[in-house]
Amino acid sequence: MSSSAKLKRLYQLAVSNIVAIAAVPFAASALLKAAELGPEELLARLRALRPVHMFLAAFVPAAAAAIYLKLRPRAVYMVDYACFRTSPSCRVPFAAFQEHARVWPGFDERSVRFMSRLLERSGLGEETCLPYAQHYIPPSRDLESSRAEVELIVFSAIDDLLAKTKVAPEDIDILVVNCSLFAPTPSFADMIVNRYNLRKDVRNVHLAGMGCSAGLISVGLARNLLQVAPRGSNALVVSTETITPNYYMGKERAMLLPNCLFRMGGAAVLLSTNGANARFRLARVVRTLTGAQDGAYRCVYQEEDDRGNVGINLSKDLMSVAGDALKANITAMGPLVLPASEQLLFALSFIARKVVSRGIKPYIPDFRTAFEHFCIHAGGRAVIDELQRSLTLSDEQVEASRMTLHRFGNTSSSSLWYELAYVEAKGRMRRGDRVWMIGFGSGFKCNSAAWECIRPPAAPAGADGPWAACVHRYPVDIPDVLKH
């Protein structure tokens, strides 16, 4: 460890324990005063106190503590989670993707070459998967095929979750589902209620159009509903994106990128206010929205091209907008999670820039002092690169995001859960570890959640889950041309 690192560590210890350090002289002074008075004088002074004073001294703190415990928000826990495990039969190697694109008359050679270059630089591997309907030539985008994809992914993830937690469907009190681009009638929530015969009084919501950060919005909504539900209630959160009806069939370059990045996936999460069998505690959920600005609002925009083909238009300003949204989010999250030493450095830097000179470089808080693990939305190579640079993270700290993008592609709102599964499959999660999930979505939104590990996985980390068959091969080396 370098001398500067040692000094910073010493500073962090001093500031973090400033109350204890400051209390030492006061405690020593009190002890000396007590020694001077002697035991007889101390007893005499205690006997001189009136009974009402003794009563108030005991009652007021006890009453204040009771009121605080009654009014404080209930703790919300993650009992467990499960990710959809893709099948090798859905695999889409680069060569197969390019061949299908070439035989489809809707794409010209220029579009095919463009998508090929995107794939080569995307950070995706050869094992990402598309739904069965996308393997047809031309791809099927009908309602029946779309529902079939939903049922395969959502029901598989829920089945795995219920088997892991041993929770019966009738014990679910709240259901929150999110899928942005496919909102059939009946809704996803209704499909789940029907499939699992959930209770008639289950509170259920289907969030649509909220983008890739909708998974954390769903977690926040479920947390709020649990706060007003009876103690010990359970909330099922399901996050997915339906690829089948949203494959873009035109030639606009800005709308071809989602074809190359998005892949099938989904996750189911069980939250509860009963922490008896929980694995994580939900510490914070912070949401930031920049949609009041036109550029941010339109940077991820569903529209038709000049030939009537519907797709998602990704603006060239997307990374700039995402950077601004991230700054807003970490500004809100920082005071809630950073240790006092980092907050003090940030405050001093801010004051110096205001008072001394704007030319002073602003201090970027070290979030590595607040979290052991980072789950950054695997939205694409550029997204991960930008967050790694902005938060000064190491390659190992963004490994889960890069490997998830390589193995599963951009699975939208569920990608964060594949990343958490990667950390656990590698055996890196320890009791007390803190996890920061960061998601981006249309609108434009940056949402984040902080978790604390209560109980690492009991079974061998890679024995089940989405990484069971391949975690031994990871991490893989991603050539610099893909990373930069």
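**View 1. Aromatic pairs, with Tyr81 and Trp417 as the example.** The count of aromatic pairs comes to 15, where rings of Phe, Tyr and Trp (its six-membered ring) pair if their centres lie within 6.5 Å, and planes under 30 degrees apart are stacked, over 60 edge-to-face and the rest tilted. Tyr81 and Trp417 make a tilted pair, 5.8 Å centre to centre with 40 degrees between the planes. This pair joins distant parts of the chain, 336 residues apart: Tyr81 belongs to strand 1 (residues 76–83) and Trp417 to helix 15 (residues 415–425). Helices (H or I, at least four residues) and strands (E, at least two) are DSSP runs, numbered from the N terminus. Tyr81 counts as buried at 4% relative accessibility, and Trp417 counts as buried at 2%; buried means under 20% relative accessible area, exposed over 50%, partly exposed in between (1.4 Å probe, protein chains only).

Before you move on, a note on the model: it is predicted, so local features need pLDDT of at least 70 and side-chain atom pairs count only at pLDDT 80 or more, while totals for chains, interfaces and linings use all residues. Residues are numbered from 1 along each chain as its sequence is written, and side-chain values use heavy atoms, leaving out hydrogens and water.

**View 2. A ring cluster and an arginine over Phe408.** Ring pairs link Phe408, Tyr418, Tyr422, Trp467 and Tyr474 into a cluster. Arg407 lies over the face of Phe408, 4.6 Å from the ring centre; the rule asks for NZ of Lys or CZ of Arg within 6 Å of the ring centre and within 35 degrees of the ring normal.

**View 3. Arg298 over Tyr301.** Here Arg298 lies over the face of Tyr301, at 3.9 Å from the ring centre.
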